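Subject: Handover of the structure and notes on what was found

Dear colleague,

I am passing the structure below on to you, together with a written account of what a computed analysis found in it. Please read the notes with the sequence and the coordinates open beside them.

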Amino acid sequence: MFELFLTFAKIGLFTIGGGYAMIPLIKETVVDKKQWTTEEDLMDLIAVAQSCPGVFAINISVFIGYRMRRLPGALMCALGAALPSFIIILAIAMFFRQFKDNPTVASIFRGIRPAVVALIAVPVFKMARTSKINIYNSWIPIVSALCIWLIGVSPIYIILIAAIGGYTYRHLLK
Amino acid sequence: MIFLLLFITFFQIGLLGFGGGYSMLSMIQTEVVTLRGWMTMGEFTDMVALSQMTPGPIGINSATYVGYTAVINAGYPEWAGILGSALATFSLILPSFILMIIICRFLLRYKSHPIVESIFSGLRPAVVGLIAAAALLLCTEDNFGSPTSSPWQFWISLGLFTFTFIGQQVYKMNPILIICMCGLAGWILF
């Protein structure tokens with residue numbers, strides 16, 4: 001049981017910058033070393049975990065934990081995936097609060113802020129390719145972005161409308 | 001009161017956060033900065049930078065950070081901030097935890113179901129829009145300076161933005177390295 005916690009704590013710790021970097025690491029640990037599941041099975045779990053809402057690392061750890069030891073296993077794995085980053089970020093948030101008005105720290109972050117904006121802009125183009133955006137559905141991301149940016153619609157409503165819209169279009173209009 | 005709102009906000013984000021960390025960032029940005037005013041757009045941008053540089057999933061990192069900062073910004077003491085960060089993280093995880101167990105028990109094969117596929121045909125393009133909006137909303141004076149009142153900061157910021165964009169999109173540079181380089185540039189130039 002503790003092994004489950006430790007394994008996912010390790011996987012959680014090595015995910016720097018984004019969830020998908022950890023897929024090879026999960027495969028190596030869970031399939032090759034511990035042999036908790038087969039590679040084919042893991043690929044299925046990953047596909048489902050990716051299409052579900054929420055944090056990918058948590059989704060996949062709950063899946064594997066539940067398979068191994070039912071509810072206690074799922075709890076252990078989720079805790080393992082979340083706890084290390086929780087502790088690190090909490091320490092940083094507390095630390096940063098005391099130093100953010102320091103002129104050196106402020107000028108460093110004035111340089112970092114434009115970089116962060118660019119780092120968020122890049123996946124837009126990557127995801128446009130992987131989610132098969134074409135001339136017929138390109139209005140969906142454009143209208144969604146404009147509604148959030150200019151009118152201040154919450155992305156939560158955009159997601160709800162998009163889900164209902166996709167269903168209605170395929171099943172009622174076609 | 002802020003604790004109840006934190007729970008509701010992050011539970012919603014966890015439940016509807018399709019499309020990974022960046023689309024969740026877009027939700028956190030609108031709910032936390034624009035609607036609730038728990039932190040400024042500048043503080044939000046710093047939070048994103050810190051979550052990207054530290055290990056762990058971006059969704060967990062930002063929930064923890066926002067939970068702490070929102071409660072402290074509202075004037076509560078340190079211990080309440082820690083409680084806030086634990087609550088926000090827990091609320092973000094809870095819906096997907098429940099959902100994953102239900103899926104694991106009953107409908108692991110649901111992925112290819114026509115209803116699920118039709119829903120995703122709408123969701124996938126919308127998530128791209130969400131992330132685009134997150135980037136657009138961050139183009140503020142807080143983050144870039146202004147061409148009239150602080151032209152030095154504005155043009156340097158624009159340069160750093162272009163550098164990062166090309167470095168990441170074309171040359172696939174490591175994002176942590178880029179953040180460190182831009183921090184160094186900020187330290188020297190500002």
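Which element gives the most to the lining of the largest cavity, and with how many residues? It is helix 4 of chain A, which contributes 3 residues to that lining. Before I go further, please keep in mind that this is a predicted model, and that every value in this email was computed from it.

**The cavity**

Searching the whole structure for cavities of 30 Å³ or more turns up 1, and the space inside the largest cavity comes to about 70 Å³. If you sort the lining by residue class, you will find 3 nonpolar residues, 1 polar residue and 4 charged residues.

**The second largest pocket**

The second largest pocket has a volume of about 620 Å³, and of the 24 residues that line it, those closest to its centre are Trp139(A) and Ile140(A) from chain A, with Ser121(B), Gly122(B) and Pro125(B) from chain B. Two or more residues of the lining come from each of helix 6 (139–151) and helix 7 (155–173) of chain A, and likewise from helix 6 (114–137) of chain B. In terms of class, the lining of this pocket consists of 12 nonpolar, 8 polar and 4 charged residues.

**Domains in the two chains**

Chain A is divided into domain 1, covering residues 2–99, and domain 2, covering residues 132–173, and the C-alpha centres of these two domains of chain A lie 30 Å apart. For chain B the assignment gives domain 1 (2–142) and domain 2 (145–190), whose centres, taken over C-alpha atoms, are separated by 26 Å. The contact between the two domains of chain B takes 5 residues from domain 1 and 5 residues from domain 2.

**Chain B as a whole**

The secondary structure of chain B amounts to 9 helices and 0 strands, and the C-alpha trace of the chain spans about 60 × 45 × 30 Å along its principal axes. Among the contacts in chain B with a separation of 6 or more, 56% are between residues 24 or more positions apart.

**One residue to look at**

Thr9(B) sits in helix 1 of chain B, which runs over residues 2–16. Is Thr9(B) buried or exposed? Thr9(B) counts as buried because its relative accessible area is 0%, and the cut-off for that label is under 20%. Apart from its neighbours within four places in sequence, Thr9(B) is in contact with Glu31(B), Arg36(B) and Trp38(B).

With best regards

Definitions and conventions: Residues numbered from 1 in each chain as written. Chains lettered and ligands numbered in written order. Predicted model: local features only at pLDDT ≥ 70, side-chain atom pairs only at ≥ 80, totals over all residues. Heavy atoms only, no water. 1 Å grid on protein atoms, 1.4 Å probe; cavity = no way out; pocket = protein on both sides within 12 Å on 5 of 7 lines; lining within 4 Å. Points joined across faces, edges and corners; volume = space filled by probe spheres on them. Helix = DSSP H or I, 4+ residues; strand = E, 2+ residues; numbered from the N terminus. Nonpolar A, V, L, I, M, F, W, Y, C, P; charged D, E, K, R; others polar. Buried < 20%, exposed > 50% of the residue type's maximum accessible area, 1.4 Å probe, protein only. Contact = heavy atoms within 4.5 Å. Domains from an automatic or database assignment.
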